[in-house]
4 protein chains.
Amino acid sequence: MQVITRIGLSEANHVLDAAQRQAEAIGVPQNIVVVDESGHLVAARRMDGAKFIAMDIAINKALTAAGSRKATRDLAPVVVPGQAAFGIHAQANGRFTTLAGGIPLIVDGVVVGAVGVSSGSTAEDQAVAEAGASAFAERFAGYAE
Amino acid sequence: MQVITRIGLSEANHVLDAAQRQAEAIGVPQNIVVVDESGHLVAARRMDGAKFIAMDIAINKALTAAGSRKATRDLAPVVVPGQAAFGIHAQANGRFTTLAGGIPLIVDGVVVGAVGVSSGSTAEDQAVAEAGASAFAERFAGYAE
Amino acid sequence: MQVITRIGLSEANHVLDAAQRQAEAIGVPQNIVVVDESGHLVAARRMDGAKFIAMDIAINKALTAAGSRKATRDLAPVVVPGQAAFGIHAQANGRFTTLAGGIPLIVDGVVVGAVGVSSGSTAEDQAVAEAGASAFAERFAGYAE
Amino acid sequence: MQVITRIGLSEANHVLDAAQRQAEAIGVPQNIVVVDESGHLVAARRMDGAKFIAMDIAINKALTAAGSRKATRDLAPVVVPGQAAFGIHAQANGRFTTLAGGIPLIVDGVVVGAVGVSSGSTAEDQAVAEAGASAFAERFAGYAE
């Protein structure tokens, strides 16, 4: 039997609040989501004016980060043609993505969920996701210690 | 040209807050979502302990309510075999559903979004969705007046 | 933060061994699978002669049992036309099923996974799934006590 | 009429056992699967700690190896832009993949199934798949002689 630590709604809301503040600070309405360690949606927000088509992309970024246990941006270099993971972006029924903006949320070294952000440029998405991930890390990274 | 009234994130959060309070009052963790008038996700929450498989069902209930402009529960009688709308539950790539728990959110007679709830019994889902829809109606039904 | 108990591979193999013995005892080759509490595949076996098309059905039965926290057979009465859950069999991208043969695996009252069986008659599928679930319950139901 | 040689469950378990031992030896929890010559799943195992998102990828690697009759790694050079097979990684509803870790299982020169491994680096996946394929070849490559 395995014992798993999973992000809960209150922690997810903490991530979303921090990410939303950053999105407001840079003036970019965003879709912001949190999934759990198994890739299932825990919480989502579309800020007024965010692109409707980007909500699914935000969810896919979070899914990929939770599933690969890596920031989506860090996966990008190995999926270009000729690299070992070329083509992985077509996996998971096309949901696997290396677009910047998906970051795993980690407690005591274990992935408990992930945040995904999409609607701005990839740099803006990454910045907002980082704000969410940083807020999580500050409060929960050593949760079990 | 058309001018559309669409639910925003702050109103969606108002709906989710009220629905979540009702779910807590009856002791049933729920997936609670709000979509806009175009069926796109605005906000979602999975309360700790809610069924993972029911998040998509909650989204589908809200999608159906926004798309049909009717409460999903009220659609059920006409989709049984022999009735005019039999088979419609397989439409929209299988996302159309007449399971209770999806309710349109209305301003001045116009659907601006919908709430969807799923994880409990259909009666529990309906009660929680009604709490969200009622809170919306109390504050926003006559919004433009 | 949530702490989750999840079935591991060794427990899943214990379930599959017991189910396979029962399938051999009744002379029906079966697809037998175990998913975790989030619906993800942990282990699968197709006995020689089992129907290829039924592997996905076995996985869907286990997914449904884990997601609904009920035996798929017990869901069947409420999904017929006129009942509250009519149409739910089209949810989860068509993967939700009330065909007999999916049973949740429970530790201390909490669903940690599910077994799914398909290739025989629904009665044969149910009997083989029950053999797997019983073997799990005998060894692990009070695991944490 | 055709007579087909197809891997059975006992041979598939032999492959999975060998691959799992190798995964344990290198300390990388893996998803390990075997499909038959028609691409249908015969057996699957997710070792505790393996990535949930990689189970489908493991299945897709095995499917591709059985379907193309080549190791997925050997397909990679011809799918990059400008090469003849560019784009094939999007075929088979996105399931075709040239990620290393899928290897056909061969008896008397004929593909009877394939093994697929995913959760580690592509080098780790390949090493574990090779361990499974080697164990198969040692015992069954000349099976009919």
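Let's start where chain C meets chain A. There, 17 residues of chain C are in contact with 17 residues of chain A. Keep in mind that this is a predicted model. The area buried between chain C and chain A is about 1400 Å². Carbon and sulfur atoms give 55% of that. On the chain C side, C:Met1, C:Gln2 and C:Arg6 lose the most area to chain A, and together they make up 53% of what that side buries.

Of the five pairs of chains in contact, A and C share the most contacts.

Now the polar side of this interface. Two salt bridges are counted between chain C and chain A. One involves A:Glu37 and C:Arg6, with the closest N and O atoms 2.5 Å apart. Across the interface of chain C and chain A, 14 residue pairs are in polar contact.

Which elements of chain C each supply at least two residues of the side that touches chain A? They are strand E1, residues 2-6, and helix H4, residues 122-140. E1(C) gives the largest share, five residues. By residue class, the side of chain C that touches chain A divides into nine nonpolar, five polar and three charged.

Stay with A:Glu37. It also forms a salt bridge inside its own chain, with A:Arg6, and there the closest N and O atoms are 2.8 Å apart. A:Glu37 sits in the loop between strands E2 and E3 of chain A, while A:Arg6 is in strand E1, so the pair ties together parts that are 31 residues apart in sequence. A:Glu37 and A:Arg6 are both buried.

These residues belong to a wider set. A:Arg6, A:Asp36, A:Glu37, B:Arg46, C:Arg6, C:Asp36, C:Glu37 and D:Arg46 are linked in a network of salt bridges. Over all chains, the structure holds 26 salt bridges.

Next, a bridge between chains C and D. C:Arg46 pairs with D:Asp36 in a salt bridge, the closest N and O atoms being 2.6 Å apart. The pair crosses between chains, from strand E3 of chain C, residues 41-46, to strand E1 of chain D, residues 31-36. Buried or exposed, C:Arg46 and D:Asp36? Both are buried.

Now compare the interface of chain B and chain C. Here 20 residues of chain B are in contact with 23 residues of chain C. The buried area is about 1600 Å², and carbon and sulfur atoms give 62% of it. B:Lys51, B:Phe52 and B:Ile53 supply 34% of the area that chain B buries against chain C, more than any other three residues.

The side of chain B that touches chain C divides into 10 nonpolar, seven polar and three charged residues.

What about chain B and chain D? Those two do not touch, and their nearest C-alpha atoms are 15 Å apart.

In chain C, C:Asp125 forms a salt bridge with C:Lys61, with the closest N and O atoms 3.0 Å apart. C:Asp125 is in helix H4 and C:Lys61 in helix H2, residues 54-68, so the pair ties together parts that are 64 residues apart in sequence. C:Asp125 and C:Lys61 are both buried.

In chain D, D:Asp125 is found in helix H5, residues 122-140. Why does D:Asp125 count as buried? Its relative accessibility is 2%, and the cut-off for buried is under 20%. A polar atom of the D:Asp125 side chain lies 3.4 Å from the backbone nitrogen of D:Ser119. D:Asp125 also touches other residues beyond four places away in sequence, including D:Gln30, D:Lys61, D:Ala100 and D:Val117.

Last, one helix in chain B. H1(B) covers residues 9-26, which is 18 residues. At 1.5 Å a residue the helix should span 26 Å, and its end C-alpha atoms are 26 Å apart, so the two agree. Buried residues of H1(B) include B:Leu9, B:Ala12, B:Val15, B:Leu16, B:Ala19 and B:Ala23. In an α-helix there are 3.6 residues a turn, so residues three or four places apart point the same way. Also on the list of buried residues are B:Glu11, B:His14 and B:Gln20. Just after H1(B), B:Gly27 takes a positive phi of about 70°.

Notes: Residues numbered from 1 in each chain as written. Chains lettered and ligands numbered in written order. Predicted model: local features only at pLDDT ≥ 70, side-chain atom pairs only at ≥ 80, totals over all residues. Heavy atoms only, no water. Helix = DSSP H or I, 4+ residues; strand = E, 2+ residues; numbered from the N terminus. Expected span 1.5 Å × (residues − 1). Buried < 20%, exposed > 50% of the residue type's maximum accessible area, 1.4 Å probe, protein only. Contact = heavy atoms within 4.5 Å. Buried area = accessible area lost by both parts, 1.4 Å probe. Salt bridge = Lys/Arg side-chain N within 4 Å of Asp/Glu carboxyl O. Polar contact = N/O pair within 3.5 Å; in protein donor to acceptor, adjacent residues only side chain to side chain. Nonpolar A, V, L, I, M, F, W, Y, C, P; charged D, E, K, R; others polar.
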